[in-house]
Every structure is written in C-alpha cells, then in structure tokens.
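User: Please take a close look at one part of this structure, the open sheet and what surrounds it, and then relate that part to the contact between the chains.

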Protein chains: 2
Amino acid sequence: MKKLINAPEDVLIESLRGVAAAHPELSVDFENRVIYRGTPKADGKVALISGGGSGHEPLHGGFVGYGMLDAACAGEVFTSPTPDQMQAATLAVNRGGGVLHIVKNYTGDVMNFEMAAELAAADGVEVSTIVTDDDVAVQDSTWTAGRRGVGVTVLLEKIVGAAAEEGRDLASVLAIAEKVNAGGRSMGMALTSCTVPAAGKPTFDLPDDQMEIGIGIHGEPGRHRVPLAPARDIAAQLVEPILADLDFTGGPTIVMLNGMGGSPLIELYLMYGEVARILESSGVTIARNLVGDYITSLDMAGCSLTVLQADDELLGLWDAPVNTPGLRWGL
Amino acid sequence: MKKLINAPEDVLIESLRGVAAAHPELSVDFENRVIYRGTPKADGKVALISGGGSGHEPLHGGFVGYGMLDAACAGEVFTSPTPDQMQAATLAVNRGGGVLHIVKNYTGDVMNFEMAAELAAADGVEVSTIVTDDDVAVQDSTWTAGRRGVGVTVLLEKIVGAAAEEGRDLASVLAIAEKVNAGGRSMGMALTSCTVPAAGKPTFDLPDDQMEIGIGIHGEPGRHRVPLAPARDIAAQLVEPILADLDFTGGPTIVMLNGMGGSPLIELYLMYGEVARILESSGVTIARNLVGDYITSLDMAGCSLTVLQADDELLGLWDAPVNTPGLRWGL
C-alpha cells in the first residue's frame, strides 16, 4: 500500500488536523470529528448537516461554509459516523429554524442519523431528513436497501444550502431537497480498486484488461465487469442507464462528471466532452456543469456521471453564492 | 494502461473539447490549441500567457480567466507547445500594454517561447518573459539547464495576474513576477510513476516499498529513492531542502501542498497538516495556503510542496478576486 499517511488508524484525525490548518474559516471539533463553519449562520435560518464515512473528500467536510452545509460529521474511512457525533452537530448548528439531515442511503448512515434525529428532537430541535438514493446501477446493494446515495448529494447540498441561506423554512427546504433527489440520477465506473488504509490492499481485484460498470463509492460491486473500452464507450455505458431511468428532456439539467480520486483532470475533461456530446444528441440540455473530484472513493481510478433535472428555481439556487473549500463562486 | 481516453494521439484535442464544453466562459482555439478568456481584458492592460506540455492540469488552461492568465498554449502531453501557438496567443491577447510570457524552465518551452517572443516583437508586440525555476531538488536535470519550474508557477500566475488586472505596466508586472520567482521554492515526491498515454506503460519502475524524493513533474529522476516512509517523514524530506535553500522566517509565506494527480484529497490534507507543523516549528509563518491538485503529473501518486516569501503587496495581490476553473474567489 502506497499512501501519504502515518498509521492507518490515524488517517481520519490527522486529515482533520490538516483541514483545520488549511481552513481557518472553518472550526474543527476533533473530539466529535465534526467540521463547522467558523461563523455560524443567522438566527432563525434552517441549518444543514451531513456526514458519512471518510474517503469521499471533498464530500462532506469540503462543502461546509456559506451557502452549503453548516456542519459535516466525519466517520472513519467508509464507516458511518455515530449518532452522538450527529447529535452534537445538530445541537450546535441549530439557530431555532430547525435542522435538515442530508443522508446518503447506506444502512449505517440512515440508522445513525435516525437515532441522532430522535435524540435531537428530545432536546427540542426540529429535524427533517432527506435520504439521497440516486445511483441507478443496482436496486439493492451490499450496503443498502434500495439505491445508493452518490453524486446527487453534492448537487443537493449546494442547492438546498442556498435555499436555507435565503431564509426558507424547514418544510420548504425539505421540499427542495426532495425535488432534487427525485430529479437526479447517477452511474459510476472504476478502472481500479480503491485501497482502504486499514485493509492495506485493494478492496477488489480488477484485471488489467477489465473495468467495473456501476461501481459504488466504497468499491461495492456494480452491474458487471466488462473489457476496458474507449472513453466514448464508457460514456455511453454511463449515460444510457441514467436516461433509461428518468426523462431528462424538456428542461434544463445540471451535469456533474465526477472523478473517483485517482483519475487526473485531463481524463475527466475528456470524459465530460464525450458525455456532453451523447447527452446533447439525446435531447438533453446541459445548463450547468461540474467537472472534477467531488465525491471520491479514496484512490480509485474512474468516474461517475450525475444528471439532475433543473428549472429556473433550481438554477437560481445553483448560481447563488457559495464559499466552501470544495465549491466556491459568487463571493 | 488504464485511462479514461480514446486513442492516445487524441487525448489533448479531446480533452480540450471537454474544457470547451464545460466552460462556456472560455474560448478554445482548437487549431492552435490555445485556451482564451471568453471576454478579453480592457485595452491598455498587460496580458499574460503561459503554456507547456499537457498532463499538468489544471495548469495552465485551468488558470485562464479574470485575475490570472489571458491565454494558455497546450502542447501534447509532456511536450512543449510550438512557437506558432505562442505567437498566435501573444498577438490575440495583446491589448497594447504588452504581453508577459510565463515559462517553466524546461529546454523546449524556453526555446519555443523565446522564438515566439521574437516573432511577436517583429509584429510590434512588446513581450517580457519570466522563466520559473523554483525546484530545489536538482541543479540541472534531464530536461533543463538549471532548476526546473514547478509549483511557484501556479502562485506566480495568480499574483502576477492580479497585478496585470490592476493596470500595472509591463515593467512593473515583470518585476512582481521576478520577485515571486526569486522568493519561491518547491520540492516534490512520488509514490508511483505516471503513465504517458502514448507510451502505454509507466515512465519509470518504482518498487512497492520505495518512493522517489525530488521527482520532476514529468517523472524525471529526483534526488534519490528511499524506502516508503510515514507522511511525517515525507513532510520533513520536502521541507528541509526548501528551508536549507532560502530563509522563509521573518515574514509571511504562502504555502501550497500540491497533489500530483493520483493522490486523493484525504491524503493531501493529512500531508498539509504535517508540513504546516514542521514549517511553523521552524519559525515559518503561513499566511495563506492551497491544498489540492494544481500542477499535476498525469496519474502520478505523490505530492509537492511550494513555499513562497510574501509581504503585504504579494498578499494583497493573492487575495484579489480571481475567476478561473482552477482557482476562484472574491467574485
């Protein structure tokens, strides 16, 4: 295993130390492993928290800041954070307007966020929850009942963060979150396995001449292994199941071509060119896009595609100012 | 070779197609392989162009936009662009204030930019040139006479871009560029080799239990191969030669912990934490920082450290608004 780490068991806490050193505008609670905004939002506004296993950076800690999350709870690599982390974050960010929990659909995350919501409710904090489940690759998976939550989570944190920043109430913020999750679909692929530090070896074997289509962000199996193919064929294998699952014609879309952590930007732009061409020739109008590493799987080489139905309201929220380590514009 | 590409010979042009599709605010000249701002800067201001071999993204094309470059010339992977590309870019961006060429110190780049400057001068365009040579790893190298130009190039493009945007004249812009290059030092390391698409196999062999200290951004040999070590030891091996080469105490610094393309953000933040700790305990004050992939070497796993002497003037230029795909703040 070749990694820029010390001991595998210290990866999370030492990475958080680096985040704290690099981002004085954030505040890191090392005991609870929660990343907060340095400047809390105004009283009465809805607060947003998310979290999950580490190894998907910049998700979620890199999306804490003005216009996105109020806090992110970091679990160990590919391991859900605990309910007490989530409860601490929920109590800390509440400004009286209630708190939205943004949860990717994995069994541990869903269960722990549920428990945290109950604990916070007992403390008098109103909590609503959105569970993202946008991955069309598999119906159920190793780690989920139902579809996995992947790339839509990034777009949702941005859009819903803007709605909360505007001062919309919890019911309205939740409605936007549900609309985004309902209108977004994703599909990923891997050229190589990731290596979890504690395991010390690749999560799965993938021969030199094969790739995995429909991979999960923890290296969970996808739909099938197929021979290595040119980018244009990979693009088709990502676009087709997404368009087969939901109609993206008839309105604008937001498209993300996301890197899994080990694929360089020159390849991601090349893939975006292929994906955009196929989408447009299929009658899909791309109004906004992101290309880069946003929801990763440690050092996995590969990419995922997310397509989101948008409208004037969602585009307006997308364009609103955001100031986080991972996404920043308009400020 | 596992890459998200079609044919190796089409990587550059197809990646540029993706850049054009993703960034409607930029303008791509596919024939000359130049990325321009969509909106040229005002008449009379100094224009900045840079360029070099591809495979270092986001450098340079990702730094075209308000507050940084006016144009970037893209060569084939790890191959200098040609003088006619540079000449076309120079003539196109000139607004009457002259043009600064920002050139990394590699023999091909230096020679071709020199020729382009002569051609542009013959066309009546005033050109000045800054050659960056900040890599302390080796004195001469496979591809250079003198030190290699690496991470300082990123910081220089930001700072000097702000000076040009302010309306300073060419002599003054060049003076800032010289000050930045003189006050910046870098050192890199690799855990794995990169793989050039046209070669189809890793550039060098690096055993599973070794790393290369002082690596170049094309995979050129560094100082030595040493056994794999914990992040804190790697950090020390990057910091020490930099501090031995120039005194960074007594004033603020800007520090960049840069990923080589294949190392995930969780590791880069961990490394930044280690580097920041050593720098601060050595009496170096970090005023600003960058952590992420800014000058890469295709899919190489590893990182580089850049430290730059700053002062109020340079920090003010650093903080000035910038709006490019790779760096964006204040707008």
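**The open sheet of chain A**

In this predicted model, an open sheet of chain A is built from six strands in the order β9-β8-β7-β12-β10-β11, with mixed pairing. The edges are taken by β9 (224–227) and β11 of chain A; each has a single partner strand, so one side of each is left without a neighbour in the sheet. From one strand to the next, the twist averages 20°.

Within this order, strand β7 (residues 184–190) and strand β8 (residues 210–213) of chain A run antiparallel and are joined by two bridges. M189(A) has I213(A), in β8(A), as its bridge partner. Helix α5 (residues 170–182) of chain A packs on the sheet, where it touches β7 and β12 of chain A. The direction of α5 makes about 50° with that of β7(A).

Strand β7 is also linked to a helix through side chains. R185(A) and D245(A) form a salt bridge, with an N to O distance of 2.6 Å. Because D245(A) lies in helix α6 of chain A and R185(A) in strand β7 of chain A, the pair ties together parts that are 60 residues apart in sequence. Over all chains, the count comes to 36 salt bridges.

The contact between the chains can now be considered. It takes 59 residues from chain A and 59 residues from chain B. The two chains bury about 4,300 Å² between them, and 63% of this is on carbon and sulfur atoms. K2(A), L4(A) and I266(A) supply 22% of the area that chain A buries against chain B, more than any other three residues.

Four salt bridges are counted between chain A and chain B. R232(A) forms a salt bridge with E14(B), in which the closest N and O atoms are 3.8 Å apart.

Several elements of chain A supply at least two residues each to the side that touches chain B: α1 (11–22), α6 (231–245), α7 (265–281), β11 (285–292), β12 (302–309) and β14 (328–329). Helix α7(A) gives the largest share of that side, 11 residues. By type, the residues on this side of chain A divide into 33 nonpolar, 15 polar and 11 charged.

Notes: Residues numbered from 1 in each chain as written. Chains lettered and ligands numbered in written order. Predicted model: local features only at pLDDT ≥ 70, side-chain atom pairs only at ≥ 80, totals over all residues. Heavy atoms only, no water. Contact = heavy atoms within 4.5 Å. Buried area = accessible area lost by both parts, 1.4 Å probe. Helix = DSSP H or I, 4+ residues; strand = E, 2+ residues; numbered from the N terminus. Nonpolar A, V, L, I, M, F, W, Y, C, P; charged D, E, K, R; others polar. Pairing = 2+ DSSP bridges. Axes fitted to C-alpha atoms, helices over the stretch in contact; angles between N-to-C directions.
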